[in-house]
Structures are given as structure tokens and as C-alpha cells.
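Please look over the sequence and the 3D structure shown here before reading the notes.

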Amino acid sequence: MTHTSAISGEDSRLAQRFNDWVLERVRQRRGPTVLPLTFEYRHIYVMPTRFGFWFGMLLALTVLGGLNFNNNMTLLMGFLLAAIAQLTTLLVYRNQVGIRIDAIRAKPVFAGEPACFKVLLKNPDDRNRFAIQAISPESTDCIDLAAQNSGQLSLLQTTGRRGWMTLDAFRIENRFPLGLFRAWSGVIPTAQCLVYPKPATNPPPLPQTGRGEYGAAHQGEGEHFHGLREFHPGDPLRRIAWRTSARHQKLYSRVMEFPSEEACELNWYLMGSGDTEEKLSILAAWVLRAERRQIPYSLEMPGDALPADLGEEHRDACLKILALFKP
């Protein structure tokens, strides 16, 4: 069992080296893939699978045996199977030609988490496509595409350092219908995923300022005027803006707010000396903690600064600054 596993592992390594060599040749000849890309005849290569190779060897031995013993039934069976195998080369090609890659997208992740690239496919024809696979060095995904329908394949890739990470070259292939041959196309993507710094596990407490001018105002029952909106049933009569309502011939209510007295400043210059990546890791943890606690936070970095705010857009903008920071 151990010897068999070793042989199987060696075959897999040889196949991977061969696939990498072919993808490198595609990269040298065609360069990066420009999307959208429709697979045409010049993009598709048809090759026998390992199962197809051994099937061909067995078929050749069957035909030789039939010739040696002058057995017409054996020869008939051999030629019939050969014709079926030859037909599958056309079927596996037709199953892939015409498929279009519209885009490749990935949401930002933190360093150490796997990046998930979504390969968006489109089948513009009136026939179904079966078992379309995306194969990268680290992951594989498979999907059936209905006629005139779209789908997506997911490819995972390990992240290391913060910043932009480019998706590795991968293959789109299928082995429909019998697995004797595989039609594949190399894709050299330019798609990137933004990798945020890995948040510190035990960061120091948030550096709160306690100054209201850094806080974000919250709507509620405060004493500060925020704006106007249309009157809703149940609004207090004292909130009605009578002059504005008379001018527009429609009831409007005043929206009040109270200022936040709690805020925190995430300031690179106040963190002292230390390892750059460690400081970025702490800042990333602070951003997540402040967002989770709904404490408005500002960020000041060399060359970039954001005022105090809350929300997903503000969080992502801060994390992007940290991810692309260059000391």
C-alpha cells in the first residue's frame, strides 16, 4: 500500500510539473489573459487523461490480439471502441468551446486567511455544458452551466503578506463525457486580492480621546438640529417644522441629534518605535475593535489620514491604507 501511494504521488508531481510547464509556455506566447475571454479553437488543447492513456494501451493490445489470433469479433470490438474514443475528442472540445470568462473578483481578506477568487463564467449557447472545472495549484472547483446561463467557480489561494496578491495561473478544463480526454485552456489572470494586515491577537486598549469634536453625532432625542424629513404618524407635534411645512404644503418633522463624546484616534506617530508590521497589526485590531464597539475612530498615517467615522466603508478604507502602507 505504501509503495502504491508513493508511485501515485510521484505521478501527481510529474503531472503538476508538466501542467506548470505548459502554463508557462502559454504565458510566454500569449501574455496575461485579457477579460472578457471567449474560448475559441486556438485556446483549447485536447489531451488524453491517465485513464484514457491506459485505455488506449489496452485497446492497442486488444487489436494486436485480434490480429494475432485472426479473431474478427475482437477486431470489430477494438475498432468500435476506438471510434467511440475518437468521437469523445469532439464532444470534450464542444463542451468547452464558446464559454466566456467575464470577470475574476475577490473580496479583501486578512493575512493568513485564504483568498477566494470568483471566476464568473457565461454559457451563451443553447446547449448545456457539463463538469467545467477550474484547476489551480492550490484548489479545484467544478460546475455545470445551463444553456444561456451564468455561473461561477471559486479558487482559493493562500495569503502571506499584506498588500495586493495576484491570482496564480490556472486551467479551465473538462473531461466530459467519458473521461478519456480532457480539453483545457490556460488562463494567466491579472486579478488581484487586497490582503489586510493580520490583526494582533492581544492588542493594547483603544486609545480613546474623550473629545466630542472627534466623535460622530448620533440621531436621537438630542438637542442639536440635524435635518428635516417628511412627517411620520406618531411624531411629536413639537417636532413639526411649521414654516417649512407651510412653504411646501406638506408636513415635515425636525430630526435631532446628540454629539458623541467618545472617540479614539488611531495615530501612527503616537505608537512609538517598533516593528512596522507589528504596529500595522495592532492598528488593524484597533480598527476592528472600534467598529465592533461602535466607537468613532480616526486614522492618521504617514501620507494618509481619515477623520473619525463609523461604518463598513470607513472600516475598509482604513484597512486599505494599512494594507498598502509603505514605510
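Predicted model: local features only at pLDDT ≥ 70, side-chain atom pairs only at ≥ 80, totals over all residues.

Residues are numbered from 1 along each chain as its sequence is written, and side-chain values use heavy atoms, with hydrogens and water left out.

**Nonpolar cores**

- A nonpolar core is a set of buried Ala, Val, Leu, Ile, Met, Phe, Trp, Tyr and Cys residues joined through side-chain atoms within 4.5 Å; buried means under 20% relative accessible area, exposed over 50%, and partly exposed in between (1.4 Å probe, protein chains only).
- The largest nonpolar core holds 29 residues, and L121, F170 and I172 have the most contacts inside it.
- At least two residues of this core come from each of β3 (100-106), β5 (115-123), β6 (129-135), β7 (140-145), β8 (149-157), β10 (170-174), β11 (181-187) and β12 (192-196).
- The largest share, 4 residues, is supplied by β5.
- Another core of 26 residues lies apart from this one, and C264, L280, Y297 and L322 are among its members.
- Leaving out residues up to four places away in sequence, I172 touches (heavy atoms within 4.5 Å) F39, Q96, I101, I132, Q133, A134, L153, A183, W184, S185 and V187.

**Helix α2**

- Helices (H or I, at least four residues) and strands (E, at least two) are DSSP runs, numbered from the N terminus.
- Helix α2 (residues 50-69) has 20 residues and should span 28 Å at 1.5 Å a residue, which agrees with the 29 Å between its end C-alpha atoms; the expected span is 1.5 Å times one less than the number of residues.
- G52, L59, T62, V63 and G66 are the buried residues of α2.
- These residues lie on the same side of α2, because they cover an arc of only 95 degrees around the axis, taken from the directions from the helix axis to the C-beta atoms.
- The buried residues of α2 pack against α3 (72-94).
- On the face turned away from the buried side of α2 are the exposed residues W54, L58, L61, L64, N68 and F69.

**Cavities**

- On a 1 Å grid over the protein atoms alone, a cavity is a set of points where a 1.4 Å probe fits but cannot get out, and lining residues have an atom within 4 Å of a point.
- The structure has 2 cavities of 30 Å³ or more.
- The volume of the largest cavity is about 50 Å³, counted as the space filled by probe spheres set on the points.
- Its lining includes Q16, N19, D20, L23, F170 and R171.
- The largest share of that lining, 4 residues, comes from α1.

Conventions
1 Å grid on protein atoms, 1.4 Å probe; cavity = no way out; pocket = protein on both sides within 12 Å on 5 of 7 lines; lining within 4 Å.
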